[in-house]
Amino acid sequence: MSVIQQLVTIALAAVTNFITRWLPFQLFTHSKDDRQEPAPFIKGLGAFLPPAIMTMLVVYCYRNLNFVHLNQSLPELLAGLVTVGVHLWQRKMFLSLTLGTLCYILLVNFVF
Amino acid sequence: MKRNPSNFRYAWTASLPVLFGYVTLGFAYGLYMHNLGFSFWYPLLMAMTIYGGSVEFFIANLLLQQFNPLNVLLITAVLGFRQFFYGVAMLSKYPQHGWRKWLLIFGLSDETFVLNYYTKIPAGYDSTVVRTWISVLDYFYWAFGALCGGCLGGVLNLQVKGLDFVMTALFLVLAVEQFLKEKNHWSSLSGLIITIGCLLVFGKSYFMIATLLLLVLEYYWFSYRKGGSA
């Protein structure tokens, strides 16, 4: 690939990626009249999806779990349990994040 | 324009987990491109124009192959598809006009969506300004990480192994918070069960798209159709 072709590739990816983010704003809002709401189906979808997307992203983080050799995935499972446990106990976001991540760092560097 | 410093400080504090996550992840990405043989300009340019982690990793690989613009379009659209739904969810939270709108839309990465959607911004702060700062900060964390990885990758070995877990921890904590606060767990549980099912059936490359399509179908079938417009 020449440098020009590389730049075209990068530009294409950048524009396409932006379009996936911008499209809903173009499709479901009406620039001529602010007060017009998006269709009820889209509004309902916007309210229904976020909790499901949140749990989907959690599963995404754990997509590389190895079920056959579960002990290879033990650090992220244990650190995940610590994170959730600390959060249920104290409900302080920064504390849960710090202890969970610290637990993971210690596990992957010194235990496994 | 009057800039209220407390809006910035609130955004800074809220974005701290992403600071660690993006700098380590961006560093890994820069290092990855360095190892593929690219100068640091490439990861930096791609981080600042494409600004989407999974797309950038993929395009880095494509740059080494034959020029194929259609392939670039397809892969980027497939990988970026979930962002469409972030936009749908953010319709009511992002402004419809003004320059901030464009910054916010451009910056709608996974982590920025998560922060901007799920962070409860207290009264007294301008939520649009806070969300814009969060987007801008996240953007620079990512670009900074990519630059460092591309430059220092070969020279230094600065990585703290395991620091990137902060992103998983962030998602976990936000999912738990969501679960504790919501009135019914239908959406959360659907997300969990359908995603695991799709991961097992469709594999790592396609399960997110399959999950999102099934969730839309599920909403249409059980909620929208029965409840009318409710």
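**Close-ups of the chain A–chain B interface**

**View 1. The whole interface between chain A and chain B.** The contact (heavy atoms within 4.5 Å) draws in 67 residues of chain A and 84 residues of chain B. Putting the two chains together buries about 7,100 Å², with carbon and sulfur atoms giving 78% of that. Buried area here is the accessible area (1.4 Å probe) that two parts lose on being put together, summed over both. On the chain A side, Arg21(A), Phe25(A) and Phe48(A) lose the most area to chain B, together 11% of what that side buries. This is a predicted model, where local features need pLDDT of at least 70 and side-chain atom pairs count only at pLDDT 80 or more, while totals for chains, interfaces and linings use all residues. Residues are numbered from 1 along each chain as its sequence is written, chains are lettered from A and ligands numbered from 1 in the order in which they are written, and side-chain values use heavy atoms, leaving out hydrogens and water.

**View 2. Helix α1 of chain A against helix α4 of chain B.** The axes of α1(A) (residues 3-28) and α4(B) (residues 69-90) come within 8 Å and cross at roughly 30°. So α1(A) and α4(B) are roughly parallel, a label for angles under 35 degrees. Their crossing is right-handed. Among the α1(A) residues in the contact are Arg21(A), Pro24(A) and Phe25(A), and α4(B) brings in residues including Leu73(B), Gln83(B) and Phe84(B). Sorted by type, the contact has 14 nonpolar, eight polar and one charged.

**View 3. Helix α4 of chain A against helix α8 of chain B.** Here α4(A) (residues 93-111) and α8(B) (residues 165-181) have axes that come within 9 Å and cross at roughly 140°. That angle makes α4(A) oblique to α8(B). The crossing is right-handed. From α4(A), look for Met93(A), Leu97(A) and Tyr104(A) among the contact residues; α8(B) supplies residues including Phe165(B), Leu170(B) and Val173(B). The tally is nine nonpolar, three polar and no charged.

View 4. Pro51(A), Met54(A), Leu57(A), Val58(A) and Cys61(A) meet α8(B) residues including Phe171(B), Leu172(B) and Gln178(B). The contact divides into nine nonpolar, two polar and no charged.

**View 5. A salt bridge between Glu177(B) and Arg91(A)****.** The closest N and O atoms of this pair sit 3.0 Å apart; the rule asks for a side-chain nitrogen of Lys or Arg within 4 Å of a carboxyl oxygen of Asp or Glu. Across the interface of chain A and chain B, the rule finds one salt bridge. Searching the whole structure gives three salt bridges over all chains. Glu177(B) lies in α8 of chain B and Arg91(A) in the loop between α3 (74-90) and α4 of chain A, so the pair joins two chains.

Key:
Axes fitted to C-alpha atoms, helices over the stretch in contact; angles between N-to-C directions. Helix = DSSP H or I, 4+ residues; strand = E, 2+ residues; numbered from the N terminus. Parallel < 35°, antiparallel > 145°, perpendicular 65-115°, else oblique. Left-handed = near helix turned anticlockwise from the far one by under 90°. Nonpolar A, V, L, I, M, F, W, Y, C, P; charged D, E, K, R; others polar.
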